[in-house]
Amino acid sequence: MKKSLYLTVYQTGIDRYSGMYLKIHTLAHCMLIFFFIAAIYQRLGFRLPIKEKYINILFFFLSILALFNLYKSVTRTVWIGLIVFSSFYLIGKRKYLILLLCGSGLFFIVLLSSQLQSMLFDIIQPLQGQGQISNIGSGRLGGWTGMVMSFLNEPLEMQFLGLGIGSEVKSFFGGSHNDLMSLLISLGYLGLSMYLLIYVFVVFDIIKSKIDRVMKFIFLGIVFSVITMNFGSNSYLSRFELGQYFYLIIALFYILDNQCRKKQLAD
């Protein structure tokens, strides 16, 4: 019905929809968070008065709708996040053949689909020599290069401590398109290192935890998916509401791990 049409991409004429949300990125990230929560919920295996097969059918149709919404939003960063998460999930379940088939299928779909090539026009065209490499990904590569060079021209003490929150958007149109780059410029080497250490400790705790293999890979997939999206766009840092969901999921991991450890001690 085009009631949720958010914008039409000027270069390609592709429509991008926001659904019932105000913005396309909100719609896309909420769909990805659904997959995070659905995977955890399914693995936990709650006993409900409804037969399990009906729950599985419900999740299947909800997943189809979530994929449809994600596709219509044309939010490529979230597509990458879903691919990273799905890869970890399949590895956790030892579905290596399915992962290989899905990866191969995705490659050929992008190769043969003119619609998807239009959605990726600002990546494909520069790689084919039709434009500058710096324009890849809505100008991300050129923007990041400029930001790094400008940052490195600052005095060493400013590089260490940062230029202050918000400084990454003062001289560059549209912001950084990279949460990690924003941290580097805003809070310097110190701030970026402290933030990355949080992920290091969380990943280490997940690997050493007492939860089962599949659940470990679900949480690892969530963590690395978020890291990837933070690098590729302004995601789970600048969009603080997404950060709240992410840390809620990480808190759930620690609760589950604590329960498993208590159960082992009791046994």
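The structure holds 2 salt bridges. A salt bridge here is a side-chain nitrogen of Lys or Arg within 4 Å of a carboxyl oxygen of Asp or Glu. This is a predicted model, in which local features need pLDDT of at least 70 and side-chain atom pairs count only at pLDDT 80 or more, while totals for chains, interfaces and linings use all residues. Residues are numbered from 1 along each chain as its sequence is written, and side-chain values use heavy atoms, with hydrogens and water left out.

Start with R43. R43 forms a salt bridge with D212, and the closest N and O atoms are 3.3 Å apart. R43 lies in helix α1 (residues 24–44) and D212 in the loop between α9 and α10, so the pair ties together parts that are 169 residues apart in sequence. Helices, numbered from the N terminus, are DSSP runs of H or I with at least four residues. R43 is partly exposed, at a relative accessible area of 37%. D212 is partly exposed too, at 34%. Buried means under 20% relative accessible area, exposed means over 50%, and partly exposed lies in between (1.4 Å probe, protein chains only).

α1 and α10 pack at an angle of about 165 degrees, and their axes are 9 Å apart. Axes are lines fitted to C-alpha atoms, for helices over the stretch in contact, and angles run from 0 to 180 degrees between N-to-C directions. α1 and α10 are therefore roughly antiparallel to each other, a term for angles over 145 degrees. Their crossing is left-handed: the near helix is turned anticlockwise from the far one by less than a right angle. On the α1 side, the contact is made by H29, L32, F36, A39, I40, R43 and L44. On the α10 side, V214, M215, I218, F219, I222, S225 and M229 take part. Contact means heavy atoms within 4.5 Å. By class, the contact of α1 with α10 has 11 nonpolar, 2 polar and 1 charged residues. Ala, Val, Leu, Ile, Met, Phe, Trp, Tyr, Cys and Pro count as nonpolar, Asp, Glu, Lys and Arg as charged, and the others, Gly among them, as polar.

α10 has another partner. Helix α9 (residues 179–208) and helix α10 (residues 213–232) pack at about 170 degrees, with their axes 11 Å apart. That makes α9 roughly antiparallel to α10. From α9, the contact includes Y195, Y199, V202 and V203. From α10, it includes F219, L220, V223 and F224. The residues of this contact divide into 14 nonpolar, 1 polar and 2 charged.

Now move to helix α11 (residues 240–266), which holds both D257 and R261. Their side chains meet in a salt bridge, at 3.0 Å from N to O. The two residues are 4 apart, about one turn of the helix. D257 is buried, with a relative accessible area of 8%. R261 counts as partly exposed at 33%.

Most residues other than glycine have a negative phi. V74 has a positive phi, near 50 degrees. V74 lies in the loop between α2 (52–73) and α3 (76–92), and is buried at 8% relative accessible area. R94 has a positive phi of about 60 degrees, although it is not a glycine. R94 sits in the loop between α3 and α4 (96–112). At 53% relative accessibility, R94 counts as exposed.

How values were computed:
Parallel < 35°, antiparallel > 145°, perpendicular 65-115°, else oblique.
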